[in-house]
Amino acid sequence: MWTESSRRTPRQGEEGSAYIAVLMVLVVLTIFGLALSMITQTEMQVGGNERTVSRVFYAADSGVKTAVAELLVNNEFQGRTFLYTDSGLQLAPSEDGTPVLAARVDVLPVLLIQQGPCNLCEINQAGGYGGRDYYKTTNVINATATRFSTMDGGAERVPIAQKTISAMVEIQPHDPSTELMDGSVDPEVIAKYKF
């Protein structure tokens, strides 16, 4: 049972100390929450950047794969520019004015840098097959992908990221075209390649 004499009287300087302790805990928790918010926001930006870089890398890689396929099927690749949109549709201004994301892939012509006897085609070593000689060729392929966003109704393209992939491809047996075997490539064209 409580009596008047058993009631504790506050000591000098202890009045309001619980409020100060609670305020200190709230300040620490607020700082901790703000730090977590900043970390989350930074991680989301890093994740978005990684996704953009991956998309640009795979767009450039698709340009290299296209050049290799055309080299194998048609025995030549003179270079080309491809345009990929995220929606898969043709690049056109959106009706509601939102930016359209797309990638432009510039693939340089395949450059023959070396050719030699074909290790895998013994018939070539005996003089050819069907009057044609086959070789082992080493070619270099460069593809540059640029991811961009359209602004102002699609007229202005704002670059977001860019990636260049250089690949050396050995093909055997290969019957290179006379244009590839010519070897007289303009030095200005060679300067565009990254080895």
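Residues are classed as buried when their relative accessible area is under 20%, as exposed when it is over 50%, and as partly exposed in between, with a 1.4 Å probe and protein chains only. By this criterion, 26% of the 195 residues of the chain count as buried. The structure is a predicted model, in which local features need pLDDT of at least 70 and side-chain atom pairs count only at pLDDT 80 or more, whereas totals for chains, interfaces and linings use all residues. Residues are numbered from 1 along each chain as its sequence is written, and side-chain values use heavy atoms, with hydrogens and water left out.

The chain contains 4 helices and 5 strands, taken as DSSP runs (helices H or I, at least four residues; strands E, at least two) and numbered from the N terminus. Along the sequence these elements follow the pattern α-β-β-β-α-β-β-α-α. Of the contacts (heavy atoms within 4.5 Å) between residues at least 6 apart in sequence, 71% join residues at least 24 apart.

When neighbours within four places in sequence are left aside, I141 is in contact with V64, A67, V68, V107, V110, I165, S166, A167 and V169.

Helix α1 also holds T52, which is buried, with a relative accessible area of 18%, and which, apart from neighbours within four places in sequence, is in contact with R147, I160 and A161. L29, likewise found in helix α1, is instead exposed at a relative accessible area of 51%.

Two aromatic pairs are found in a search of the whole structure, where rings of Phe, Tyr and Trp (its six-membered ring) pair if their centres lie within 6.5 Å, and planes under 30 degrees apart count as stacked, over 60 as edge-to-face and the rest as tilted. F57 and Y58 form an edge-to-face pair, at 5.2 Å centre to centre and with 75° between the planes; F57 is partly exposed, with a relative accessible area of 33%, and Y58 is exposed at 56%. The rings of F82 and Y84 are stacked, because their centres are 6.3 Å apart and their planes lie at 15°. Within this pair, F82 is buried, with a relative accessible area of 16%, whereas Y84 is partly exposed at 32%.
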